[in-house]
Structures are given as C-alpha cells and as structure tokens.
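Student: I have a model open and want to walk through a few spots. Can you take my questions as they come?

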Amino acid sequence: MIHVYYRSLLLLDKPMEIRLNWKAIAKERPRLGRGGRVFTPKATREFETKMAEAGSTLLRRPYTCPVKITVRLYDPIPKSYKGMKLHAARENLINPPVGDLDNKIKAITDGLNGVAYVDDKQINKIDAERRYGNDHAIYVLLERNGLSAKELEDYGNQRDYKSRP
C-alpha cells in the first residue's frame with residue numbers, strides 16, 4: 001500500500017530539470033580574511049548565486065523529501081586533439097582532465113540549496129559524470145527519492161498500523 005501512495009506522490013512531483021550553457025566551477029575552500037573572518041571566495045559565491053537563480057526559474061516549491069540528483073558536466077573538446085584522441089573524446093572514451101568532479105557537484109548542490117530543496121542534506125543519491133561535448137554545459141536533474149517525515153506521518157494517519165501485531 002505504501003508503494004501506491006509513493007507512486008501517487010511521484011506523479012505529483014515531476015522531476016526538476018536544469019540545462020545551462022555555463023562552465024561548472026569547483027567549490028573553493030573557505031578562506032581566512034582580515035580579523036579572522038572566514039569567507040567564501042568570490043568566484044564560488046557568484047557561481048552558487050547563478051545556480052540559485054537558474055533553480056528559481058523552475059517556479060516550484062523546494063522538495064521537502066529525499067532527493068536524487070543527476071549531474072552531467074560537459075567541456076568542449078580541445079582544438080589540439082587530433083586523430084585517435086579526437087575520436088576517443090567524441091566517443092566518451094576519455095574524460096576532461098581538468099577539474100575536481102566532487103567539488104563541482106558541491107558548488108551546484110550548494111547553489112540549489114533552499115531553491116530546489118530545503119537543505120542539501122536531503123540528497124541521498126548522486127549520479128554524476130564529466131564528459132566532452134560541443135561546449136561548456138551543465139545538466140542537472142532532481143527527482144524525488146523517498147518520503148519526507150511529514151508524508152510518512154500523513155500516510156500513517158490514513159492507515160491504522162497500531163492495531164496490527
């Protein structure tokens with residue numbers, strides 16, 4: 001029965017999809033400024049702000065349930081690639097060598113915090129990939145991946161589990 005309830009929620013919560021023609025920026029470590037103040041570097045702040053703005057164009061309430069995020073990052077094939085290396089890049093047999101994938105994902109998920117989901121701790125599954133494409137691009141797909149505490153409580157109130165052994 002809970003599967004039927006969950007499927008009905010899936011029908012209501014269509015996945016959120018974001019496609020951007022930007023270069024993904026890796027989240028930089030916080031820095032220590034004057035007077036011992038800790039701050040996030042400007043490039044990271046700007047990228048996270050742009051991600052939040054892109055997420056807000058979806059015109060949806062943020063997810064309150066567990067979330068699965070799929071991220072695809074594309075970098076252009078360098079013009080210097082010729083012959084076998086160019087073919088391998090086009091066939092996704094080699095990946096862009098620059099950038100730390102997990103730090104780029106962190107910048108994306110932090111940027112979508114409060115916009116696509118209430119808090120990034122709701123993310124319980126990540127599928128990420130970095131590959132070559134025609135240009136710089138970011139593709140993000142967010143989907144429901146479970147029940148929130150409130151939804152589980154609502155479902156429980158519809159059924160009488162206390163009377164069962």
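Student: Pro78 first. Buried, partly exposed or exposed?
Tutor: Partly exposed, since its relative accessible area is 30%. Keep in mind that this is a predicted model.

Student: Where is Pro78 found?
Tutor: In the loop between β4 and α3.

Student: Now Tyr132. Where does Tyr132 lie?
Tutor: In strand β5.

Student: Buried or exposed?
Tutor: Buried. The relative accessible area of Tyr132 is 6%, and the cut-off for buried is under 20%.

Student: Which residues is Tyr132 in contact with, leaving aside neighbours within four places in sequence?
Tutor: Tyr74, Asp75, Pro76, Ile77, Pro78, Tyr81, Ala89, Asn92, Ile94, Asn95, Pro96 and Pro97.

Student: How far is Tyr132 from Asp102?
Tutor: 17 Å in space, C-alpha to C-alpha. In sequence, Tyr132 and Asp102 are 30 residues apart.

Student: Where is Asn92 found?
Tutor: In the loop between α3 and α4. Asn92 is partly exposed, with a relative accessible area of 29%.

Student: Switching to aromatics. How many aromatic pairs does a search of the whole structure find?
Tutor: Two. One is Trp22 with Phe47: the ring centres are 6.4 Å apart and the planes are at 70 degrees, so the pair is edge-to-face.

Student: Which parts does the pair of Trp22 and Phe47 tie together?
Tutor: Trp22 lies in the loop between β1 (16-20) and β2 (31-32), and Phe47 lies in helix α2, so the pair ties together parts that are 25 residues apart in sequence.

Student: Buried or partly exposed, for each of the two?
Tutor: Trp22 is partly exposed, at 22% relative accessible area. Phe47 counts as buried, at 4% relative accessibility.

Student: And what is the geometry of the pair of Tyr81 and Tyr132?
Tutor: Edge-to-face too: 5.8 Å centre to centre, with 75 degrees between the planes. Tyr81 lies in the loop between β4 (67-76) and α3 (83-90), and Tyr132 in strand β5 (residues 123-133), so this pair ties together parts 51 residues apart in sequence. Both Tyr81 and Tyr132 are buried.

Student: Helices next. At what angle do α2 and α4 pack?
Tutor: About 50 degrees, with their axes 7 Å apart. For the record, helix α2 is residues 42-56 and helix α4 is residues 101-111. The two are therefore oblique to each other.

Student: Left-handed or right-handed crossing?
Tutor: Right-handed. From α2, the contact is made by Phe47, Glu48, Met51 and Ala52. From α4, Ala107, Ile108, Asp110 and Gly111 take part.

Student: How do the residues of that contact divide into nonpolar, polar and charged?
Tutor: Five are nonpolar, one is polar and two are charged.

Student: Which residues of α4 are buried?
Tutor: Lys104, Ile105, Ala107, Ile108, Thr109, Asp110 and Gly111. The buried residues of α4 pack against α2, β4, β5 and β6 (137-144).

Student: There's a lysine in there. What is the relative accessible area of Lys104?
Tutor: 7%, so Lys104 is buried.

Student: Which residues is Lys104 in contact with, leaving aside neighbours within four places?
Tutor: Ala24, Ile25, Ala26, Lys27, Leu73, Asp75, Val98 and Gly99. As for Val71, the C-alpha atoms of Lys104 and Val71 are 9.8 Å apart in space, while the two are 33 residues apart in sequence.

Student: Last one: Val115. Where is the place of Val115?
Tutor: In the loop between α4 and β5. Not counting residues up to four places away in sequence, Val115 touches Ala52, Gly55, Ser56, Arg60 and Pro62.

Terms used
Residues numbered from 1 in each chain as written. Predicted model: local features only at pLDDT ≥ 70, side-chain atom pairs only at ≥ 80, totals over all residues. Heavy atoms only, no water. Axes fitted to C-alpha atoms, helices over the stretch in contact; angles between N-to-C directions. Helix = DSSP H or I, 4+ residues; strand = E, 2+ residues; numbered from the N terminus. Parallel < 35°, antiparallel > 145°, perpendicular 65-115°, else oblique. Left-handed = near helix turned anticlockwise from the far one by under 90°. Contact = heavy atoms within 4.5 Å. Nonpolar A, V, L, I, M, F, W, Y, C, P; charged D, E, K, R; others polar. Phe/Tyr/Trp six-rings, centres within 6.5 Å; stacked < 30°, edge-to-face > 60°. Buried < 20%, exposed > 50% of the residue type's maximum accessible area, 1.4 Å probe, protein only.
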